[in-house]
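Hi,

Here is the structure you were waiting for. Please open it first, then read the notes below.

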Amino acid sequence: MNHTRDDNNLPPEDIKSMTLEELAQEVAAMGLPPFRAKQIYAWIQQRGAESFGKMTDLSASLRAALAEKFEIFPCAIEKRLVSEYNETVKYLFKLRDGEMIEAVLMKYKYGHTLCVSSQAGCKMGCAFCASARCGFARNLTASEMLGQIHAAQKDRQIRVSHVVLMGMGEPLDNFENVNRFLELVSFDPGLNIGMRNISLSTCGLVPQIYELMEKKLQLTLSVSLHAPNDEIRSRLMPVNRRYPVDTLLKACRDYVKATGRRISFEYIMISGVNDSGDCAKELAAKLKGMLCHVNLIPANEFTDGGFKRSGGARVEAFSAVLSGKGINVTLRRSLGGDIDAACGQLRKRN
Ligand code: SAH
């Protein structure tokens with residue numbers, strides 16, 4: 001990946017958003033030997049240092065010089081909610097300008113997954129999603145996405161092994177910063193989380209799906225489909241008016257062909273809206289022959305959402321139609337419902 005320092009206006013002081021190469025240039029310009037860049041990079045990216053003062057193997061004058069020139073953007077824990085049923089943790093983080101974002105840490109047999117936010121708020125306006133209700137504030141920098149992982153790791157004394165870009169925001173609407181985040185999060189030395197352990201979820205921004213495709217990353221692309229046709233999907237997701245179902249599915253087929261990676265479709269089940277047998281049949285027909293997987297998620301209700309989740313029997317019946325037609329389907333286990341940490345419930349409350 002080739003970045004330039006001013007893609008998406010990277011703030012010059014934002015040292016945690018820099019690649020090792022970029023940091024090496026800065027360090028050289030300060031007249032320091034190259035090994036210093038690696039040392040500083042490891043402090044920031046691997047150990048999640050929150051200030052230059054913590055970098056005990058650097059001289060006091062160097063620490064002061066760094067602090068003069070750069071800033072380690074904060075991602076401070078403002079609030080932490082721990083589910084009483086499992087070890088799911090929801091964090092509310094405060095950023096340098098006071099913006100609040102959320103992340104959710106989930107424990108699975110295979111490790112710890114952090115659901116990371118990519119924007120403060122969201123522009124997409126999906127009818128079923130709480131994040132849409134608070135409007136859009138701004139894009140997150142790569143450092144602020146990394147900061148969520150560093151903060152959770154430090155707080156629980158664990159290592160995050162998997163990342164899902166499924167928190168607040170639309171990652172493909174913050175493409176440059178998300179790309180930079182992907183490069184940094186998978187880099188060694190750094191958090192070193194492999195691309196195969198990363199999922200990126202999109203509501204279906206078609207041009208950016210093609211842009212991502214060009215990068216041929218080994219991550220999992222998740223597409224929030226939620227309906228088999230334009231009539232239902234446009235009612236739920238305004239983005240569908242710009243990129244209708246068939247256009248989106250064509251992009252998905254192209255993506256699979258170019259990358260060889262299976263796409264994961266998310267489908268939230270809303271009672272009486274998108275959960276009929278006919279919807280299941282229509283969905284199966286549209287996905288026929290594609291290397292994909294459907295993840296059925298009973299919709300999580302939130303106070304003023306105005307819709308009901310589908311009952312267990314409906315979900316089972318829907319799932320049976322899909323698997324009967326040869327489509328891979330799973331039911332998503334919901335974690336963290338008791339702490340408003342489930343999908344679509346992330347919402348900033350200042
Ligand atoms: N903007 C991206 C990622 C953030 S949303 C996207 O749209 O995919 C992460 C997932 O949570 C998406 O699949 C989204 O549709 C889903 N979601 C949103 N509100 C939900 C709700 N009330 N119940 C269940 N899932 C929800």
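Start with a strand pair: Met-269 has Pro-298 of E11 as its bridge partner. Strands here are DSSP runs of at least two residues (E), helices are runs of at least four (H or I), and both are numbered from the N terminus. The crossover from E10 to E11 goes through helix H10 (residues 277-287), and this β-α-β unit is right-handed. Right-handed means that, with the strands pointing away from the viewer, the path from the first strand over the helix to the second runs clockwise.

Some ground rules. This is a predicted model, in which local features need pLDDT of at least 70 and side-chain atom pairs count only at pLDDT 80 or more, while totals for chains, interfaces and linings use all residues. Residues are numbered from 1 along each chain as its sequence is written, and side-chain values use heavy atoms, with hydrogens and water left out.

Confidence: the protein chain averages a pLDDT of 93, and 93% of the residues score at least 70. In residues 1-6 the pLDDT is below 50; this stretch still has 15 contacts in the model beyond near neighbours in sequence. pLDDT is the predictor's confidence in each residue, from 0 to 100. Contact means heavy atoms within 4.5 Å.

Back to the strands. E10 covers residues 263-269 and runs parallel to E11, with seven bridges between them. E11 is also joined to strand E12 (residues 329-331), in parallel, by three bridges. Pairing requires at least two DSSP bridges between two strands. Leu-296 sits opposite Leu-331 in E12.

E11 (residues 292-298) is largely enclosed by the rest of the structure, because seven of its seven residues are buried. Buried means under 20% relative accessible area, exposed over 50%, and partly exposed in between (1.4 Å probe, protein chains only). Both faces of E11 are covered: one carries Cys-292, Val-294, Leu-296 and Pro-298, the other His-293, Asn-295 and Ile-297.

Ser-264 lies in E10 and is buried at 11% relative accessibility. Its contacts beyond four places in sequence include His-293 and Asn-295. Phe-318 is in helix H11 (residues 312-324). Phe-318 is buried too, at 1%. Beyond four places in sequence, Phe-318 touches Leu-296 and Met-269, among others. Phe-318 and Met-269 are 49 residues apart in sequence, yet 9.3 Å apart C-alpha to C-alpha.

Now the ligand. It is surrounded by 18 residues, and the closest are Phe-128, Ser-201, Ser-224, His-226 and Asn-300. The cut-off is a heavy atom within 4 Å.

- Phe-128: a backbone N or O atom is 2.8 Å from a ligand nitrogen.
- Gly-169: a polar backbone atom is 3.0 Å from a ligand nitrogen.
- His-226: a side-chain N or O atom is 2.5 Å from a ligand oxygen.

Last, the backbone. Most residues other than glycine have a negative phi, and most peptide bonds are trans. His-226 has a positive phi, near 65°. His-226 lies in the loop between strand E9 (220-224) and helix H7 (230-236), and is buried at 4%. Asn-192 also has a positive phi, about 55°. Asn-192 is in the loop between H5 and E8 and is partly exposed at 36%. The peptide bond from Asp-188 to Pro-189 is cis, with omega near 5°. Pro-189 is in the loop between helix H5 (175-185) and strand E8 (198-202).

Best wishes

Key: Polar contact = N/O pair within 3.5 Å; in protein donor to acceptor, adjacent residues only side chain to side chain.
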